Amino acid sequence: MKRLFDREIALFSVILLFVEFIRGAALISFLPIYGEKTLGLSLDIIGIAITAHYLTDTVLKMFIGYLLDRFSIRFVVHVGLLASIAGILLLPIADRPWLFIAASALYGVGISPIWIVCLTKVSSDRRAMQMGFYYTIWFIGIGGGPIVCNVIMDRSRLTAYYLLLALAVLSWVLSLFISNRRASGSAPSLPVGEQFAILKDRLRHMRLLLPGMVLQTMGAGMLVPVLPSFAEDKLGMNGAQYSLLLLSGGICTVLSLIPLGRLSDMLGGKKWFLVLGFVLIGAALYLISLAPPMWICIALTGILGLSYATLLPAWNALLANYVPPKQQGLGWGIFSTVEGVGGMIGPVIGGTLATLEGQSAVLFYCGIMYAAIGLFYIWFPFRAFHDKGHA
């Protein structure tokens with residue numbers, strides 16, 4: 001356990017918690033309400049601003065990864081968090097659409113480094129357990145941010161704004177204590193052409209992983225615009241009941257990530273954790289699409305959370321076998337960008353499908369898709385979870 005909770009990982013965990021808390025609070029609660037009620041912006045502009053955030057965060061992960069392989073971690077994270085502060089500082093004067101969109105995009109630029117850095121700091125011998133720990137921190141931050149922000153904004157939007165700004169500044173101050181080393185922690189970076197040649201070879205070897213990388217995030221994105229209205233229209237839930245539904249999934253995920261990550265490290269066989277996670281997610285989504293009674297929905301959502309916790313540590317442990325050891329920043333940046341493509345196109349597909357065929361159809365097709373991914377990876381070779389770049 002020493003490697004899991006040492007000073008460096010603890011520091012990055014606190015920064016990650018604050019950054020994701022701000023992200024969840026800003027994108028889910030603060031920007032929509034503040035943009036419309038305080039700045040008088042239309043909902044389409046707010047939607048574009050949120051898309052701009054995700055777009056810059058996703059696309060720039062690859063560039064941030066390259067920087068992490070050439071400069072110190074402290075420098076890259078420090079500059080990124082300064083960009084986050086700049087984006088937040090722009091919000092009170094961003095009453096013009098282009099400025100509001102720019103502020104949201106700038107914040108997306110600023111938070112890109114920290115997650116990539118966390119991925120590069122995970123040790124190979126306890127990767128699944130440590131990934132479970134980081135995902136627990138991420139989940140607490142991005143889930144707790146909107147809850148706290150909503151409570152505060154009921155009383156004062158200005159207080160909520162100052163909370164986000166204070167946490168952003170605190171994150172930046174904490175970044176000053178990061179050790180001044182390269183992300184790879186070893187030899188100097190290879191020339192960029194050689195780095196991309198290595199990664200091209202790794203991508204060729206991991207081509208069977210690419211569908212899962214895109215489709216799993218696309219499925220999650222498809223559900224985002226549909227779930228609230230599905231809960232109200234099809235399940236007959238009010239706001240409190242819907243919150244209880246989400247809470248059941250969140251609690252199961254948070255409580256299970258670290259134990260299941262540790263179990264994956266102890267038992268090996270990460271392939272079956274991956275298959276089981278995908279298949280159970282698919283089955284749960286399919287059953288929820290049938291609009292069962294509330295208590296069954298809560299149980300199924302708990303299964304979703306448990307399945308997600310089963311899947312994530314094993315999935316990232318698998319991806320890690322395709323990251324070149326001396327180009328971890330660039331490698332994780334590219335892989336995160338590939339996964340981010342699904343998250344960007346998912347909401348558009350989900351919203352369109354819901355309009356054409358109804359809300360239940362989105363959950364149904366997502367369930368089928370996740371189950372199909374799981375069944376496909378039954379035939380994925382075990383050696384891909386152990387051998388570097390041989391799939």
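**Entry 1. The whole chain**

I began with burial: 53% of the 391 residues of the protein count as buried. Buried means under 20% relative accessible area, exposed means over 50%, and partly exposed lies in between, with a 1.4 Å probe and protein chains only. The model is predicted, so I note its limits: local features need pLDDT of at least 70, side-chain atom pairs count only at pLDDT 80 or more, and totals for chains, interfaces and linings use all residues. Residues are numbered from 1 along each chain as its sequence is written, and side-chain values use heavy atoms, with hydrogens and water left out.

Next I looked up the elements. The protein has 14 helices and zero strands. Helices (H or I, at least four residues) and strands (E, at least two) are DSSP runs, numbered from the N terminus.

I then checked the contacts between residues at least 6 apart in sequence. Of these, 84% join residues at least 24 apart. A contact means heavy atoms within 4.5 Å.

The accessible surface of the protein is about 16,700 Å², and 71% of that belongs to carbon and sulfur atoms. Accessible areas come from the Shrake-Rupley method with a 1.4 Å probe; for residues, only the protein chains shown count as cover.

**Entry 2. The salt bridge**

I searched for salt bridges and found one in the structure. The term needs a side-chain nitrogen of Lys or Arg within 4 Å of a carboxyl oxygen of Asp or Glu. Here Arg-23 pairs with Glu-20, and the closest N and O atoms are 2.9 Å apart. Side chains of opposite charge can pair when their charged atoms come close. Both residues sit in helix 1 (residues 7-38); because they are three residues apart, about one helical turn separates them. Arg-23 is buried at 9% relative accessible area. Glu-20 is buried too, at 2%.

Buried residues of helix 3 include Val-77, His-78 and Leu-81.

What does Ser-175 touch, not counting residues up to four places away in sequence? I found Ile-15, Arg-74, Val-77, His-78 and Leu-81. Ser-175 itself lies in helix 6 (residues 157-175). Ser-175 counts as buried because its relative accessibility is 0%.

Leu-89 is also in helix 3. Its relative accessibility is 47%, so Leu-89 counts as partly exposed. Leaving out residues up to four places away in sequence, Leu-89 touches Tyr-161 and Leu-165. Leu-89 and Tyr-161 are 72 residues apart along the chain, yet their C-alpha atoms are separated by 9.5 Å.

**Entry 3. Thr-253**

I moved on to helix 10 (residues 239-267), where Thr-253 is placed. Thr-253 counts as buried, because its relative accessibility is 3%. A polar atom of its side chain lies 3.2 Å from the backbone oxygen of Gly-305. Thr-253 touches Phe-139, Gly-305, Tyr-308 and Ala-309, with residues up to four places away in sequence not counted.

**Entry 4. Ala-291**

Is phi of Ala-291 positive or negative? I found a positive value, near 55°, in a residue other than glycine. Most residues other than glycine have a negative phi. Ala-291 is in the loop between helix 11 and helix 12 (294-320). With a relative accessible area of 32%, Ala-291 is partly exposed.

**Entry 5. The nonpolar patch**

I looked for nonpolar residues grouped on the surface. Tyr-286, Leu-287, Leu-290, Phe-364, Tyr-365 and Ile-368 form a patch there, with about 530 Å² of accessible area together. Patches are made of residues with over 30% relative accessible area and no salt bridge; like charges are joined within 9 Å, nonpolar side chains (Val, Leu, Ile, Met, Phe, Trp, Tyr) within 5 Å.

Which helix gives the largest share of the nonpolar patch? Helix 14 does, with three residues. Helix 11 (270-289) and helix 14 (359-376) each supply at least two. Tyr-365 lies in helix 14 and is partly exposed at 37% relative accessible area. Helix 14 also has buried residues, among them Leu-363, Cys-366 and Gly-367.

Key
Polar contact = N/O pair within 3.5 Å; in protein donor to acceptor, adjacent residues only side chain to side chain.
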